[in-house]
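Open the model in your viewer and get ready to select a few residues. We will go from stop to stop and look at what is there.

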Amino acid sequence: MSRVRNVLGSVLALAGAAAVVWSPFRAWYDGRLGRDYRIDELFSADGVTDDKAQLFGSLFLPFLFVAMVTLVGVVVRSRLLLAFAGIVAMGFAVLWMVRVGQAEGSLSVDADGNGLDVGAGSAFVGGAMILLAALIMSGRPRRAAPAPAAPASTVPTLDGPDPHAPDSFDAFDDRSSSSPPPAASPPPPMPPVDGPPPEQQDGPPPAWHKPPPSSGSGSGG
């Protein structure tokens with residue numbers, strides 16, 4: 001829906017800008033073209049005179065500015081620029097009517113082409129079209145702000161270990177792997193055996209260790 005509104009608003013704004021920028025080349029009052037009116041006469045105390053103006057010193061200049069602002073507003077889809085352009089176009093058309101009415105004494109419209117003509121009407125209607133386009137357009141879509149990240153909770157729960165807390169077992173394993181292994185402790189001393197220790201004998205074994213004489217050797221003697 002927003003795309004359709006932007007397309008309709010853009011078409012309406014471009015049509016209004018074309019009518020506004022073309023209006024100075026058409027008759028405004030009593031057959032006089034809009035480009036013949038000097039722009040500084042709209043702000044002077046003397047009002048509108050019969051002096052002809054240069055092209056870029058006439059009503060063409062503000063309406064050219066309106067057309068350029070309208071084009072930029074359509075490209076960037078800015079409703080504010082379109083509204084500004086429409087108000088400027090309608091404002092200059094109304095100001096011209098006021099100054100001409102002061103110079104002529106009154107404004108008139110008749111079927112013979114005297115009085116107000118299509119040029120002034122084109123400027124006013126074109127400005128109204130640009131202003132209406134600003135109301136129709138939906139403008140540029142706004143980007144949604146990213147949701148703030150939830151702060152990490154450091155309070156342990158009964159459901160399990162805190163996923164954000166450091167693993168104590170891993171930390172212990174890291175410390176044990178990086179530190180040297182402890183030195184082996186000496187074996188405990190053996191308990192003493194009851195009785196005196198056996199004496200070491202350097203000589204031959206005692207006589208009771210000799211084997212008894214065989215019976216065969218005794219009978220033969």
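Select R32 and Y37: the charged end of R32 sits over the ring of Y37, 4.2 Å from its centre (such a charge is NZ of Lys or CZ of Arg, within 6 Å of the ring centre and within 35 degrees of the ring normal). This is a predicted model, in which local features need pLDDT of at least 70, side-chain atom pairs count only at pLDDT 80 or more, and totals for chains, interfaces and linings use all residues. Residues are numbered from 1 along each chain as its sequence is written, and side-chain values use heavy atoms, with hydrogens and water left out.

Next, select helix α3, residues 79–104 (helices are DSSP runs of H or I with at least four residues, strands are runs of E with at least two, and both are numbered from the N terminus).

Now for the rings. The whole structure holds 8 aromatic pairs (rings of Phe, Tyr and Trp, the latter by its six-membered ring, with centres within 6.5 Å; planes under 30 degrees apart are stacked, over 60 edge-to-face, the rest tilted). Select W28 and W96: their ring centres are 4.9 Å apart and their planes lie at 80°, so this pair is edge-to-face. W28 is in strand β1 and W96 in helix α3, 68 residues apart.

Last stop: select W22, F25, F56 and F60, which form one aromatic cluster.

Notes: Expected span 1.5 Å × (residues − 1).
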